[in-house]
Amino acid sequence: MKVVALIPARYESTRFPGKLMAELRGKTVIRRTYEAVVATGLFDDVVVVTDSQAIFKEITDNGGRAAMSRREHASGSDRIAEAAEDMDADIIVNVQGDEPFTQAEPLAKLLAVFEGPDAARIDLASLMQEMNDPQQINDPNYVKVVVDKDDFALYFSRSPVPYPGFEKSARYFEHIGVYAFYKQALMDFTTMPLGSLEAAERIECIRFLENGKNIKMVETEYMGVEIDTPEDIEAAERLLEQQETN
């Protein structure tokens, strides 16, 4: 299978405008993300797909590959679908541009399901990690996912799901926004209408569920900091310092 990683990189951000160009110990967030994805060695190609000339220049001036999106897009999946349309690829992996700590092991586990026993049922796959902090479980900025016995997604929500009132042993999983699509599933996404559940939750992968697509979830012990706020830059600086010290 030919596997390509596409990194959607929109310049604007509601909570942290221009966050992908923020500096993180001498390199921008988007450059660190791109280099981390390349360093996994898992992909036949890695391309940043952006609406920003500044981001395009940042990647290409430092030896990377980038493409300008021609149109405005409502989601990262729509943005990478534009770039993927003419690509020769079997699997398209969407790695968010604000994930500078992307690691090989979770991505390898994600790709492995396309050759596993459930491969014929999968339209796309994504990552999740167990949550134990009650504050995070109740925080709408953390997207939660519930799965069936075979780890296929049943629903995604910003609310604490399952309901935390009756079964004290219930497990909670945070959805990590890294996706691996069969190319056709990604192209189908662009023709699917926005549904009421996606609109209510503002979670784009719900669109797949509302249209009958199967999302295989892969549990991982993902470690890192996603850059959503200026405070996350501080946390990322501390983590990088620890990694460099060790």
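Glu201 is buried but takes part in no salt bridge, and Arg158, the nearest side chain of opposite charge, lies 5.2 Å away. A salt bridge is counted only within 4 Å, so the separation of 5.2 Å between Glu201 and Arg158 leaves that pair out. Glu201 sits in helix α7, which covers residues 196-201. Leaving aside residues up to four places away in sequence, the contacts of Glu201 are Tyr155, Phe156, Ser157, Arg158 and Ile206. The model described here is a predicted one.

The chain contains 9 helices and 11 strands. The radius of gyration is 17 Å, close to the 18 Å given by the globule rule for 246 residues, so the chain is as compact as a globular protein of that length. The C-alpha trace spans about 55 × 40 × 35 Å along its principal axes. Of the 246 residues, 51% are buried. When contacts between residues at least 6 apart in sequence are considered, 68% of them join residues at least 24 apart. The accessible surface amounts to about 12,100 Å², and carbon and sulfur atoms account for 47% of this area.

Charged pairs come next. The model has 13 salt bridges. One of them joins the side chains of Asp118 and Lys216, with an N to O distance of 2.7 Å. This pair links distant parts of the chain, 98 residues apart: Asp118 belongs to the loop between α4 (104-112) and β7 (124-131), while Lys216 belongs to strand β11 (residues 215-219). Asp118 has a relative accessibility of 17% and therefore counts as buried. Lys216 is also buried, at 11% relative accessible area.

A further salt bridge is formed by Asp150 and Arg121, whose closest N and O atoms are 3.5 Å apart. Here too distant parts of the chain are linked, with Asp150 in the loop between β8 (144-147) and β9 (153-157) and Arg121 in the loop between α4 and β7, 29 residues apart. Asp150 is partly exposed at 27% relative accessible area, and Arg121 is partly exposed at 37%.

Glu219 counts as partly exposed at 33% relative accessibility, and Arg171 is partly exposed with a relative accessible area of 43%.

β8 and β9 pair in the antiparallel sense through 4 bridges, and Val146 has Tyr155 in β9 as its bridge partner. Tyr155 is also one of the residues that Glu201 touches. The hairpin has 5 residues between its strands, and Asp151 adopts a positive phi near 65°.

β1 runs parallel to strand β6 (residues 91-94), to which 4 bridges join it, and Leu6 stands opposite Asn94 in β6. β1 is also parallel to strand β4 (residues 45-50), here with 6 bridges. Ala9 has Thr50 in β4 as its bridge partner.

Arg70 lies in the loop between β5 (66-68) and α3 (76-84) and counts as exposed at 62% relative accessibility. Helix α3, by contrast, is mostly covered, with 9 of its 9 residues buried. Among the buried residues of α3 are the charged Asp78, Arg79 and Glu82, along with Ile80 and Ala81.

Technical notes. Residues numbered from 1 in each chain as written. Predicted model: local features only at pLDDT ≥ 70, side-chain atom pairs only at ≥ 80, totals over all residues. Heavy atoms only, no water. Helix = DSSP H or I, 4+ residues; strand = E, 2+ residues; numbered from the N terminus. Buried < 20%, exposed > 50% of the residue type's maximum accessible area, 1.4 Å probe, protein only. Pairing = 2+ DSSP bridges. Contact = heavy atoms within 4.5 Å. Rg over C-alpha atoms; globule rule 2.2 N^0.38 Å. Areas by Shrake-Rupley, 256 points an atom, 1.4 Å probe, with all protein chains shown as cover.
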